[in-house]
Structure formats: C-alpha cells, structure tokens
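User: I have not looked at this one before. Can you walk me through it?
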Amino acid sequence: MNLTHCLLLASFLFCVGVYGLLTRRQAVAVLLALELMMNAANLAFVAFAHFRGGPGQLFVVFALAITVAEVAIGLALVMLLYRRHDDTALDRASETQG
Amino acid sequence: MSHLLAWIVAAPAIAAAVLLVLPASARLPIRVVSLIGAVVACAGSVLVALTYDRVAGGMQMPDDWALVPSLGIHLKLAVDGWGVALLLLTGVIIVTGVLASWGVEKRGKEFFLLLLVLVSGVFGVFVSQDLFVFFLFYEIAVLPMYLLIGIWGASHDVPKRGPFGFAWKRFAVGGKEYAAMKLTLMLLVGSAAILVAMFLLWKEAGGTSFDLAHLEQTKFSLATQNWAFPLLWLGFGTLAGVFPFHTWSPDGHASAPTAVSMLHAGVLMKLGAFGVMRVGMVLCPDAAANWAWLVGGVAVINVLYGALCAASQTDLKYIIAYSSVSHMGIVMLGAATLTTTGWNGAVYQMFAHGIMTGLFFALVGLVYERAHTRAIAKMGGFGHVMPAVACFFTLACLSSLGLPGTAGFVAEFLVFLGAAEGAHSWWAVPAVIGAVVTAVYVLRACKTIFWGPPPTGEFAHLTDARSTEWAAPIVLGAALILFGFWPRFLLDFIDVASHTFLARIAPFS
Amino acid sequence: MSSLQSWAALAVLVPLAAALLCVVLPPLRRAGKPAAALCILASLVATAASIYLLTQHEAGAVTRTEVPWIVLGGKALASIGVNVDGVSVVMLLVVCVVALCVQVFSLAYMHDETPSSYGRYFTLHALFLFSMNTLVVAPNLLQLFAGWELVGLTSYLLIGFWFHKPSAARASVKAFWMTKLADMGFVFALLALFVATRGFDWNARLSTETATLVTALLFLAVVGKSAQFPLHVWLPDAMEGPTPVSALLHAATMVAAGVFLIVRADPLFAQAPATCEVMLWVGSITALFAACLALVQSDIKKVLAYSTCSQLGYMVAALGAGSAFAGFFHLGTHAFFKALLFLGAGSVIHAVHSNELADMGGLRRKMPVTTLTFGIGALSLAGVPGLAGFFSKDFVLAQLEGKAGWIPWTMLMATSFLTAFYMGRVLIKAFGGAESAKAHHAHESGGAMLLPLVVLAVPALAAGFLGGVLAEWSGAEYHVHLGLTPVVASCLAIAGLLGAVMVFGRGRAAPFAGVLESLDRASAVDRTWSGLYRHVLLGVSAVAGFVDRYFVDGLINAVGYTTIESGARVRRLQTGRIHDYAMAVVVGALLIALWGVLR
C-alpha cells in the first residue's frame, strides 16, 4: 500500500460525498455526505503525513474538532427545519430566493 | 479672536448637539438654540469680513490640527477672498432660513438639527484648506438633504408620459421621496467622481498630503490633469446644476421645504461651482484651459436652456428652480472665461444669486403656506392682500433679470464683460439673450400672481408677512440693493483672490 | 468736486433720498399726503438746483467728476459721477421742470386714490426723477445705461400703477419686455465698446467697423426706448397708466431718453455714417407711419401717444441727418408742449371721466383755461409759425434738405401736414362742436391742475426763441433762415389745420379713415410681436420644458430604471435552493481545477 492507493481511496470517498450532496434531498443525508467529504480530506491529510511527513495529523485533529461543531450546528438546523416544515427535505427551505 | 473659523464651523454643530439633548416638546428653546447657532456663525462671518486684510489677500486666519498624520490629512482651516464672500452669504441665508422655518411643526427638533448640521458642513467647505477635509465637509453638507426633503418636503403630480414614460412607471415621480432620492443619488455619483480625481491628484503629488497649498505647488502632468479636471467638473458640476446633470435641481427644490430650498439653491449649489473653480481650475490649470470651451459651451446651454425651461413652467417653485439652473450657468460661464473679470463676476453671481434665490424661495414659501397652491394659474391679484410680499418678489425678479441697482446686475455684467474679453466672445450673446428670457418669465410670474383684480373666494383673506417672516424679505432684499449700489465691499475680497488664483492659469490660457 | 457738480449731484440725490425715505418708512408712504409733499419738495430742490446750474453754466464748458464704482486689480473698471455740460444742464432743467409740473398736477388728479396708493404714486415719481437725472448727468455710457434701465423700471411700475386692471398689467409687462429686448443692444454695445477701448466713454475714437457696430447696437436700444418703428407697439398700450405718468414718462422725458442717448453719444455716431443713414430712414418712416395712425384713434391719449412716436421720429431723423443739435432742440420743445398736451388731456379726462373723444365735445365753454392751454400746445405741435414747435421742427426739416434724394424731407413734410390735421381733429372733437352728454356735467379743473398747464404753456409758446442760446451752450450752429423749408412747413401746418376744420368741423370722418382704421385694427406690427412672443418664445420654451422633463430627466430616470430592472433579472439566479448553490460550488471548483490543469 502506498500513497497513491490512499489518495485514490480518499478521492473515491470524496466523489461519493459530492454525489450524495448533490442528489440527496433529506437534510440529514446531505449532512452525512458532507461528513464523508470532510473525512476524505482527513484521510488525505493522514496519508500525506504518514508517507511524506509534515503536520498533517495536527490538521486532522483540528478538522475533527471543527466537524463536531459543524455537526452540532447542522443538526440544530435540521431540527429547526423539521419544526418549520414537518419535514427535512432541503428543497422546501428556499425562503432566501431572490 | 483665535480659531475664529473653527468657531464658525462649530457653532451650528454645537447648537445641533444641544438640540439632541432638548426634549422634542420644547418648541421655543429648540428654535432659539438654532437661531443662536446660526447667528453666532453669521456674526463670525461678518467678523471675518471685517478683519480680513483685503490688500494683502491670500489665505488668512489659519488653523491646523492633524487628523490622520500618516496619510497627511489635516484639519486645516484658512480663508481667502472668495471664502469671505461665501461665508457671508451662508451666514445671512442660514439666519434668515431659520427664521423663515420658525413655523415648522412636524418633527421640529430633527428639522433644525439637520439644518444646522448641513450648514456646518457648508461653512466647513468654504474654509477647508485640505482636500480630504473639504470633501468630508462637502458630504456633510449634501447628505442631510435627503432626509430634509424626504421627510419635510411636498409632493406634486407629474404626468408619466414621453419617450421614457416607461421608466417612470416604477418611480413615484413628483413625490418628495422621489425628489430626495434622485437628488441624493445624482450628487453621490458626482461625489464618486470627485473622490477618484482627489486620489489621482493626491497620488501624483507624492501621496503624503491632501493640503491644498501643497497640491497647488505640485505641477501635475497634463495627462493627470486631463483626467482629473473633467471628473472634478462633472462631480462638483452636478451640484452646480451643470447641464445635463441638473435635473435633480427642479424636482429637489420644488419638493423641499422653504428653508431647505433657500439653503440648497442659495448656498449648496454654490459649493459645486466653488469646487469647480477652487479645486478643479486652480489645481488643474492646464486642463482648465484645455476644457474651457466645453465648460463655457455647456454653461451657455445652461443659461439659455434653463431660462427657456423656466418660461414653460406653471408651478411657481419650478420656475424659481429652473431660474437657478439658468443663473448657475452664468456662474459657470464666468468661471470658464478664465479672466479676472469673469471670475469676479462668477463669484459675485454666486453671492447675488444666493441672496436672490433665497429671497425668492422665502417668498414662495410664504405664499404657498397661505394659498396652499403653487400653480400660478390659480393665483392672481395677491398684491392687494400681501403688498409687501409683492414688493419683495418684484425686487427679486429685478435682480434676477439683472437690473442695474441690484446685485444681479453687477454680477451678470461682469460675467458678460469677462466673456466678451475672453477667448470665446460669442458666449456673451446667448448669455445676454438668456437675461432677456429671464425678464419674460419672472415678470410674467409676477404679473400673474400679484397683479390683476383683488382675489376672491379662498384667497380673499390671505395675509401679508408676519413676525419672523419679515426677516428673510427685509434682510435679503436690503442686501440685494446694498450690493447692487455698493459692489466694492465684496468685490475687493473677491478680486484679490481671483488675481491670486488666476495667476496660476494665466500663463496657459 | 466743484460746486457745479455738487448741484448736479444734488438734483440726482435729493429725489433718491425722498424715494428711499418713503420706501423705508411705510407709515410715511401710507399716509399719502406727507409722502407727496416730501417728493414734491425733493423735485423743487432738484428744479432749483438745475436752474442754478443753468445760470452758472458757461457756454461750451464740460466738467466731469467720477468716482470708482467697480474696482478690479486696483483699476476702476466702471465709475459713477456727474458730467456737467450744455446738453446735460438743459436736459436736467427740462426733466425737473416737467416733472415738477406733472407732480403738482398729480396732487389733484390722483386725489381719489387711497392714501397708501397716493403715497406709492409719489414714491415712484421720486424714484423716476432720480433715475432720469442719473441718466442725464451720466459721465459715461455705463451709468447712462443704469439710469436707462431704472427709468424703464419706473415706467413699468407706473404703467401698471392701477395693477388691478388686467389691461394695465399687460401693458406694463409689454412695455418692459419690448424695451428690454431692445436693451440687449445697449448691453452688447457696452461690451463691444469695452473690448475695444477698456472703457465706457462716448468720446472714444474707434475704427469705422467698431463704431458702426457699437452705434447700430445703441440705436437698437433707442428704437425700443424711443418707440421707433417696429418696436413702437408698447407706447400706445402704455397709456394704461395714469395720465400724468403718460405726460412725464411716455411723452416728455423717458421716451426721449433714446434721443438723448444719441445726442450724448454723438461723437460715436459721427464715426458711423452707415448707422446714421439707417436712423434717417427709421425716423422718417416712424414719423409718417405713427402720424397716419394718430389720425384714426378714438382715444385722446392714443392720439397723443402716436403723435409722440411721430415726433420722436423727427428727432431720430434729425440725428440721422447728422445734426445732434436739431434733434436735441426738438426734444426740448417737444417735452414742454407734449407734457402740456397730456396734462390738458388729463384735465379733460378728469372732467368727463372718459378717454374717448366721442364723449367730449363743446368743452371750450366749460373749461376755458384747459382749452386755451391745450390749444397752445396743439398749435405748437402742429408747427404754427411763431410757436415753439415751429422753430424746432423747422430746424429739423432744414437739416434734411437734400438728404437721401429729398425722400425723408418729403415724408416729414407730409407728416407736418398730418400732424396739424390730427391735432385739428382733436381740438375740434374735444373742445369744439356741441356738448356731449358726459361733457354736460364737466367743469374746469382746480388750481393745482391749472397751474402746471399755465406754467407749461409759457415754454410751449416761447421756447422756440431760445434756439440760439441753446445752440451756443451746446457749441452747435443755429440760425433761422427764410427759405424753402419754413415756408412750405408753415403752409402745410396751416393747411392741415384748415383741412381739419373743413373735414371734422362738418362732422365728417377723415379721408381714407377706413383704410387707416383697418391698418390700426389689424395692427400688423403688434400682431407680429405678440405672435413672436406667443408662438416662438413660448413655443420654444414649451419644447424646452418638455425635453427637459421627458427627455433629459427621462434619460436619467431610464438609467435608474435600467439599474433596478437588471437587478430584478439577476436576482433570479438566487433560487434559495441549497442544491443549486452546491452544484454551483462543485462546478466552480471543477472549472478552477480544469484551469489549473490546463495552464
């Protein structure tokens, strides 16, 4: 197993995340897709740190902390959405349209 | 007295600050405080005129405080001959303006507060010797206008037709909010142009100082000047009502309340012309000479076109507003001649027109308050019930058409002379014709409103001016005649400054 | 300042002081009689000063005092002051005497006015006297122009004195506009003169072209002020003012200011033969044309107004012929007899309460003094030998002998006949014949009105004999000679009067009255001017107003509209759906990546 394999995996995960982001309509699923993309990046960080050295691991710790915060806010938003629309479908939340 | 100029600028602002802490219900104290602020500034201006050494000329009574030393921004105040004349004008107009708006009932506190802030800015512009501070005061003078017109103004109907009728479907044309918005937006676009030119000049002068004296000593390259001058001309010119950027003026002046119209047409439009001359022409002398044909040509259009437009109006305030467009054309024409005679005439016209149009708007406000209409076709015979108003209105008309013995004559005649001896003698021809058209529209308005059989029905019981309303007609009317018979008092100030400034341009024209 | 100039300055400033007092002290003005007394006192002082000046004046002497008025760069650009010479001294006397007579006459004539309006009337008279004297003693053309405009202002205010009458309001603005239009010429002349000489002196030496330009422009102003064809249309309308005002402003002094200007600026006009040629023709045409119209007027004041136009035509023609003195001499005698005629007409109007000749008739028995003095004025105007009008008119005609192929001379001779004819008509219709209904109750006016008539009748009778003295003062040549002109002129004057007796004495209409009346009604000139005003000026201004509101302002509103509209379009991109934004982010990221790979 070398760096290429790891990066290929990370890319694959990322693409899955993007696909999920663009196609899923439920807010929770979108959040999951976002987490997937985030973790793909984390994986790349760790892979680089392992094969090339550098402060990648440190970034991952930061990223995880931020992810936690993000999930907290995201889930809170999902709750609000649900209260407002009795549903978590994102395309119903388009009040900000111009 | 030290820091006299600073006190003049600060007096209205301090009065405004005092108003802030007064309760809105204190009707009389609010007016008295405003009047005190205005009178102190006016007295200061008179004091400046009395102590200014008009033989020596130049910048006098300097004051200097550093504001942003790293960028070279100083609160630097000093006064030159032009400044003296315009300080006097502003002082007289604000005092009479406060007295003329004694009866404003709606949100009186805020009205006087904004009026005082505005006039503080005007005073600031006339004494600033730092371009940045000049611009700052300029904006302070322009912006309160939005609220003053938008809140205290009056609306009227404009038929939405013509080739651009579609554009009006969106706007409440004729409304006070529309007038206020148009005025503010057009002047802000002008300010943007000024800002660009300002930084252009600042950068080329080394980027260390906005001091006007420093900028004057810098020899700007022709390319910079050729960019900066048109920007300054259009930017300041918008406020001076330069064609075709004058259209904020009729709507704005017609919608504005009395004192605001007085201040705006009487003083603010002069800020524009003053900016073109003091900043544009003095800092960019080569470009001023290059572009003189355009500045003068447009000014000639202003004079004739403004007069013709005024002749077609049926609303009293519009007539006066368009006459301002026409008369500001005379100011710009005098400036474009690049001769001392023309420049003296231009600054004298600023003063004369300020007084004259202040008088006009004060009287129009008086008539409007009583008759509740501005359509001159509905009026008639008012001379029987308000003889004093009729007399003073006639006097303003006479100054407007340049009758000898009024300040308007001295100003217009000097501009005509300057035009005739300048590089483009033909400018004098349409300018003089414009004065004749002026005679047509002002006297027709005068005849329709004041002459004819005594009014009947709703107008039968109109009254003449009362108590504080007398201030504006008497003071401004007397000034028109005084400065018509005795021009030297002002011309000595103006002339010494014109000579200094023109010395920079003379080699190029 | 020598004592002479102080006296001249006094004649200017005392009326100003009186007017100012009346203006700044409203109670004084509103009291009426005290204001009148003050103004008449001022006129008395001015008259006394002018008489003293006349007695002290040495023939041919010119003294002048100027103080700087507009100073630029340490040099006087314009100055004001007094100029005392033969012309100004005589003119000052004429103006002051006539003004004093008219004001005394007005005391009684205007007594029906309310006190405040009575005071206003006399204030305006004092203002007029100040303005006119400013003009007369002006040491340069700029001050003359200032006086010129100020008399125009007082004329405007006095024509519109009864401002409740719409016709008076119309007439006053018309008078102001017509003269203001012509005054453009004066302004341009001042500008041209200033550019050429850096001054406003009428003694300047100019090149022929400049002199022609300046004088032609000045003459344009004269055509307006002195009511010459084709700008004469305001003068008949100006009769809307009170009759004493017509006597003073619109007959004796103000309208003569134009002629005075040419006399004053004679050194300039002498350098411009082309302008003089034009003046000769304009003067002759006006004289004849206005005399024809005077023949068919039914309003006694309008007869006199057209007669004034006609007589001013004589003066202008004389000046065109190169004789400033002839024009000035006729100006002087005309001022007296025409003021007399107008005041006489005022006395009649006061008695019968009508301007119409048809309402008069048979007044000779009721109003003997008025009849006598009016008769003297009429005969003097008609040019009956021995009276003042005869001498000056004869001298004018003598100057025209042989000029331009005798045509102007012939025209003015014809005018002489017509003048006698129409004055005969007025005499017969107003004072002769049977009494009309209105005339039945008429009675002679009081002393305050008769005194000025008698005083003015003296110079109307005898001023002609002063020609020699006047000429000596002005440094001109004057001699009465018995030749073709006086004989023909006398014969024509007498023939005209006899003709009037033959025609009107028997109650007939004037020959060709139909033609002339249609000429007057159609008043082609007047209609042209009102058409120009209504259709051209107001038309162009309506177009300008429309263009400004709907095109210039429209364009600026269109800019605002475009901004708002394009904003409205662009904002549709903001769908508010998260997936659209996410898609945009992804596509954007891909594009950036692609750009990174490809470069």
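User: Fine. What kind of model is it, and what does it score for ipTM and pTM?

Analyst: It is a predicted model. The scores are ipTM 0.92 and pTM 0.89.

User: And what is the mean pLDDT of chain C?

Analyst: Chain C has a mean pLDDT of 88, and 98% of its residues are at 70 or more.

User: On to chain A. How many helices and strands does it have?

Analyst: There are three helices and zero strands in chain A. In sequence order the pattern is α-α-α.

User: Is chain A compact or spread out?

Analyst: Chain A is more spread out than a compact globule, because its radius of gyration is 16 Å, well over the 13 Å that the globule rule gives for 98 residues. Its C-alpha trace spans about 50 × 25 × 25 Å along the principal axes.

User: What share of chain A is buried?

Analyst: In chain A, 14% of the 98 residues count as buried. As for contacts with a separation of 6 or more, 48% of those in chain A are between residues 24 or more positions apart.

User: Now chain C. What is its secondary structure?

Analyst: Chain C comes to 26 helices and two strands. Its C-alpha atoms fill a box of roughly 120 × 60 × 60 Å along the principal axes.

User: How much of chain C is buried, and what about its contacts between residues 24 or more positions apart?

Analyst: Of the 599 residues in chain C, 58% are buried. Residues 24 or more positions apart make up 81% of the chain C contacts with a separation of 6 or more.

User: You mentioned a pair of helices. At what angle do α14(C) and α15(C) cross?

Analyst: Helix α14 of chain C covers residues 300-320 and helix α15 of chain C covers residues 324-352. Their axes come within 9 Å and cross at roughly 175 degrees. Angles over 145 degrees count as roughly antiparallel, and α14(C) and α15(C) are therefore roughly antiparallel to each other.

User: Which residues make that contact?

Analyst: From α14(C), they include Ile300(C), Leu304(C), Tyr314(C) and Leu319(C). On the α15(C) side, Leu331(C), His334(C), Phe342(C) and Val348(C) are among them.

User: How do the residues of the α14(C) and α15(C) contact divide into nonpolar, polar and charged?

Analyst: The contact of α14(C) with α15(C) has 13 nonpolar residues, five polar and two charged. Lys301(C) of α14(C) and Lys338(C) of α15(C) are also part of the contact.

Technical notes
Residues are numbered from 1 along each chain as its sequence is written. Chains are lettered from A and ligands numbered from 1 in the order in which they are written. This is a predicted model: local features need pLDDT of at least 70, side-chain atom pairs count only at pLDDT 80 or more; totals for chains, interfaces and linings use all residues. pLDDT is the predictor's confidence in each residue, from 0 to 100. Helices (H or I, at least four residues) and strands (E, at least two) are DSSP runs, numbered from the N terminus. The radius of gyration is taken over C-alpha atoms; the globule rule is 2.2 Å times the number of residues to the power 0.38. A residue is buried if 20 or more other C-beta atoms lie within 10 Å of its own, exposed if 12 or fewer, and partly exposed in between; C-beta atoms are placed from the backbone. Two residues are in contact if their C-beta atoms, placed from the backbone, lie within 7 Å. Axes are lines fitted to C-alpha atoms, for helices over the stretch in contact, and angles run from 0 to 180 degrees between N-to-C directions. Angles under 35 degrees count as roughly parallel, over 145 as roughly antiparallel, 65 to 115 as roughly perpendicular and the rest as oblique. Ala, Val, Leu, Ile, Met, Phe, Trp, Tyr, Cys and Pro count as nonpolar, Asp, Glu, Lys and Arg as charged, and the others, Gly among them, as polar.
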